Amino acid sequence: MDVVELHPRLHLLRFSVGQAYLWRDGGEGHEEGLTLIDAGPAGSGAAIAEAVTALGRHPRDVRRVVLTHFHEDHAGGAAEVSALTGAEVLAHRLDAPHVRGEVPGPTPVFEEWERPLHERAARLLPPGDFERPARVVELSDGDVLDVGGGAHVVHVPGHTLGSVALHLPRYGVLFTGDTVAASPVDGTVMPGVFNLDGRQVLTACRRLAALDAEAACFGHGEPVTEGAARALRAAVDRADRGAAEAGGAGRVPD
Ligand SMILES: [Zn+2]
Ligand SMILES: [Zn+2]
């Protein structure tokens, strides 16, 4: 696992598949504490706890794990992190049953070109089932968490039904989960892949662009630390143009 400082309060944790983020509160009259946004694949818990220690904090300082959605590359390590740190686990109420393992999550509706990509990513994940957090605090759109001076939960269905983004207006930071990604080839910002509903993802990207965040932290691909809203708008415009070209007269209306 790689650890990269993006901001004095923000570190990127990079796994074999996907990324998580560690946000540090404290000072300036704020409560001390760490918040993890996503928890990596199963087996990541110990490495995350070590990273916290290496940053000069105690694993117990991790107060919460906010899951952007239930997929294994984001929620797989949640139970381990919770056991090692005592952190509570939070997820949108529509994804929470999948995070707890009560109900299998729905499989993405793949575009043909996504299938080989997904197979390759799946091979990098640990095989078999994994431990699930017994308790998940359920989030809804508009909830505000005591993180970064007030972190707004933005429900952005499309990648999964219960996908959320987390927006920290005070710092201009947006955690997008897999609703948005950056290309592994050239860092171009784009709507995420492996979705339940690609059109909903575009709507979600528009909503996230309108938040005017300066920095955007994706589930996959290099974060954008400047001009994130502009990059998001450009991503939506490109996707709209692509859809219009692919659509044409035979397109079924919404
Ligand atoms: Zn995902
Ligand atoms: Zn992912």
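**Note on a predicted model: cores, salt bridges and selected residues**

1. At 33% relative accessibility, leucine 117 counts as partly exposed, and its place in the chain is helix 5, which covers residues 114-124. The model is a predicted one, and the distances and areas in this note should be read with that in mind. Leucine 117 stands 55 residues from valine 62 in sequence, and the two C-alpha atoms are 33 Å apart in space.

2. The largest nonpolar core has 22 residues, and those that touch the most other members are Leu36, Ala39, Val65 and Leu67. Several elements each supply at least two residues of this core, namely strand 3 (19-27), strand 4 (30-37), helix 1 (45-54), strand 5 (62-66), helix 3 (78-85), strand 6 (88-92) and helix 4 (96-99). There is also a second, separate core of 20 residues, and Ala165, Leu174, Val189 and Ala228 are included in this second core.

3. Which residues does alanine 39 touch, not counting residues up to four places away in sequence? With those neighbours set aside, alanine 39 is in contact with Phe15, Ala20, Ser44, Ile48, Val65, Leu67, His74, Gly77, Ala78 and Val81.

4. Leaving aside residues up to four places away in sequence, alanine 42 touches Glu72, Gly76, Gly77, Glu80, Pro126 and Phe130. Leucine 208, by contrast, is 166 residues from alanine 42 in sequence, with a C-alpha to C-alpha separation of 28 Å.

5. Beyond residues up to four places away in sequence, threonine 85 touches Pro59, Arg60 and Val62.

6. Side chains of opposite charge can pair when their charged atoms come close. In this model the count of salt bridges comes to eleven. One of them joins aspartate 2 to arginine 14, with the closest N and O atoms 3.9 Å apart. Aspartate 2 belongs to strand 1 (residues 2-7) and arginine 14 to strand 2 (residues 10-14), so this pair ties together parts that are twelve residues apart in sequence. Both partners are partly exposed, aspartate 2 with a relative accessible area of 44% and arginine 14 with one of 24%.

7. Not counting residues up to four places away in sequence, aspartate 2 touches Leu12, Leu13 and Arg14. A network of salt bridges links Asp2, Arg14 and Glu222. Alanine 47 is 45 residues from aspartate 2 in sequence, and the distance between the two in space is 9.6 Å, C-alpha to C-alpha.

8. Two other salt bridges deserve a reader's attention. Arginine 100 pairs with glutamate 102, the closest N and O atoms being 2.7 Å apart, and glutamate 102 is exposed, with a relative accessible area of 52%. Aspartate 240 and arginine 206 also meet through their side chains in a salt bridge, at 2.8 Å from N to O. Why does this pair tie together parts that are 34 residues apart in sequence? Aspartate 240 lies in helix 7 (residues 228-247), whereas arginine 206 lies in helix 6 (residues 198-209). Aspartate 240 is partly exposed at 30% relative accessible area, and arginine 206 is partly exposed at 38%.

9. The last point concerns the surface, where Met1, Val3 and Leu55 form a nonpolar patch with about 230 Å² of accessible area together. Leucine 55 lies in the loop between helix 1 and strand 5, and it is partly exposed, with a relative accessible area of 35%.

Key:
Residues numbered from 1 in each chain as written. Chains lettered and ligands numbered in written order. Predicted model: local features only at pLDDT ≥ 70, side-chain atom pairs only at ≥ 80, totals over all residues. Heavy atoms only, no water. Core = buried A, V, L, I, M, F, W, Y, C linked by side-chain atoms within 4.5 Å. Buried < 20%, exposed > 50% of the residue type's maximum accessible area, 1.4 Å probe, protein only. Helix = DSSP H or I, 4+ residues; strand = E, 2+ residues; numbered from the N terminus. Contact = heavy atoms within 4.5 Å. Patch = residues over 30% accessible without salt bridge, like charges linked within 9 Å, V, L, I, M, F, W, Y side chains within 5 Å. Areas by Shrake-Rupley, 256 points an atom, 1.4 Å probe, with all protein chains shown as cover. Salt bridge = Lys/Arg side-chain N within 4 Å of Asp/Glu carboxyl O.
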